[in-house]
Amino acid sequence: YAVRPEDSQGQACDYPDGHYILGRNFGLMVIKDSLRKKILWRKYVTHETLADYLEEVEWLRSQGFRRYGIVCDEMRGLMLSLRQYPVQMCQFHQQMIVRRYLAENPELDASRDLLDLINSITVMDKKIFIETFDEWYVKYKEVLNERVHDKRLKTPPFMWPRLRSAYLSIKRNMHWLWTFYDYKDRVIPNTNNGLEGIFSDIKSKVRVHSGLTREHRKKLIDEYLSRHY
């Protein structure tokens with residue numbers, strides 16, 4: 001999120017986010033003003049890198065924006081690199097991470113309960129979520145820490161590694177999952193779904209013109225963004 005100092009109405013920016021919407025090794029990154037629904041900046045990339053995100057933040061600074069907060073996904077090192085700002089981990093992305101580890105219909109009670117909890121994060125109070133998460137751990141810590149019963153191994157692997165990964169992902173990101181709650185005066189969103197909708201829109205347009213060259217696809221996207229965002 002950012003606002004120009006001279007703009008009394010404020011310009012809030014859903015940023016940063018990047019998606020590979022044009023095919024392998026060809027993607028688009030944007031900065032979006034979430035109040036006016038405008039794309040402020042865009043860049044075509046071959047790979048999503050930390051340097052590209054930092055370039056976005058620097059561009060906002062150079063244009064006179066004050067960075068009130070950043071909403072992003074769990075790209076390795078990104079949240080730590082931007083720790084001088086209030087950083088919000090997209091709660092929807094956290095849901096997707098846990099779902100990838102646990103699948104949609106896990107058989108294990110511990111997995112089902114953890115999945116139900118993370119699926120409710122967007123409608124839960126911070127205090128209640130953290131308390132419920134801690135209660136989950138107390139209830140299932142033996143399951144979480146259970147190892148394969150094989151005396152031949154000096155350090156047997158964990159019995160439920162995907163459950164552990166899901167749990168540790170939430171625990172690791174907990175500090176950033178509730179930034180919007182701690183900075184209510186800045187009206188930071190808890191997800192970057194505003195950008196997800198735009199990317200889905202662009203993807204549908206690109207699919208219709210799948211025969212275009214890469215450069216022509218760029219022109220198509222540039223024109224579409226200029227007209228609609």
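The legends below walk through several close-up views of one predicted model.

Residue numbers start from 1 along each chain as its sequence is written, and side-chain values use heavy atoms, with hydrogens and water left out. Because the model is predicted, local features need pLDDT of at least 70 and side-chain atom pairs count only at pLDDT 80 or more, while totals for chains, interfaces and linings use all residues.

**Figure 1. The whole chain, to get your bearings.**
The chain holds nine helices and seven strands; these are DSSP runs, with helices being H or I of at least four residues and strands E of at least two, numbered from the N terminus. Of its 229 residues, 43% count as buried, where buried means under 20% relative accessible area, exposed means over 50%, and partly exposed lies in between (1.4 Å probe, protein chains only). The accessible surface comes to about 12,800 Å², and 51% of that belongs to carbon and sulfur atoms; areas come from the Shrake-Rupley method with a 1.4 Å probe, and for residues only the protein chains shown count as cover. Among contacts between residues at least 6 apart in sequence, 57% join residues at least 24 apart, with contact meaning heavy atoms within 4.5 Å.

**Figure 2. Two nonpolar cores.**
A nonpolar core here is a set of buried Ala, Val, Leu, Ile, Met, Phe, Trp, Tyr and Cys residues joined through side-chain atoms within 4.5 Å. Which residues have the most contacts inside the largest core? They are Leu 114, Phe 129, Trp 136 and Ile 170, in a core of 39 residues. Helix α6 (residues 161-177) supplies the largest share of this core, seven residues. Zooming in on Leu 114, and leaving aside neighbours within four places in sequence, you will find it in contact with Leu 102, Phe 133, Trp 136, Leu 163, Ala 166, Tyr 167 and Ile 170. A second, separate core has 12 residues, including Leu 28, Leu 195, Leu 225 and Tyr 229.

**Figure 3. Helix α4 against helix α5.**
Two packed helices are described by the angle between their axes and the distance between the axes. The axes of α4 (residues 109-119) and α5 (residues 126-144) come within 10 Å and cross at roughly 170°, so α4 is roughly antiparallel to α5. Axes are lines fitted to C-alpha atoms, for helices over the stretch in contact, and angles run from 0 to 180 degrees between N-to-C directions; under 35 degrees counts as roughly parallel, over 145 as roughly antiparallel, 65 to 115 as roughly perpendicular and the rest as oblique. From α4, the contact includes Leu 114, Leu 117 and Ile 118, and from α5 it includes Phe 129, Phe 133 and Trp 136. By class, the contact residues are nine nonpolar, one polar and three charged, with Ala, Val, Leu, Ile, Met, Phe, Trp, Tyr, Cys and Pro counted as nonpolar, Asp, Glu, Lys and Arg as charged, and the others, Gly among them, as polar.

**Figure 4. Helix α3 against helix α6.**
Here the axes are 8 Å apart and the packing angle is about 170°, which means that α3 is roughly antiparallel to α6. Among the contact residues are Ile 97, Val 98 and Tyr 101 of α3, together with Leu 163, Ala 166 and Ile 170 of α6. The contact of α3 with α6 has eight nonpolar, five polar and two charged residues.

**Figure 5. A buried histidine and a buried aspartate.**
His 93 sits in helix α3 (residues 91-102) and is buried, with a relative accessible area of 16%. Beyond neighbours within four places in sequence, His 93 is in contact with Asp 73, Asn 192 and Glu 196. With the same exclusion of neighbours within four places, Asp 52 is in contact with Met 29, Lys 43, Val 45 and His 47. Asp 52 and Met 29 are 23 residues apart in sequence and 8.4 Å apart in space, C-alpha to C-alpha.

**Figure 6. Two loop residues with positive phi.**
Ala 103 has a positive phi of about 70° although it is not a glycine. Ala 103 lies in the loop between α3 and α4 and is partly exposed, at 41% relative accessibility. Val 187 lies in the loop between α7 (179-182) and α8 (193-208), and its phi is near 50°, a positive value in a residue other than glycine. At 60% relative accessibility, Val 187 counts as exposed.
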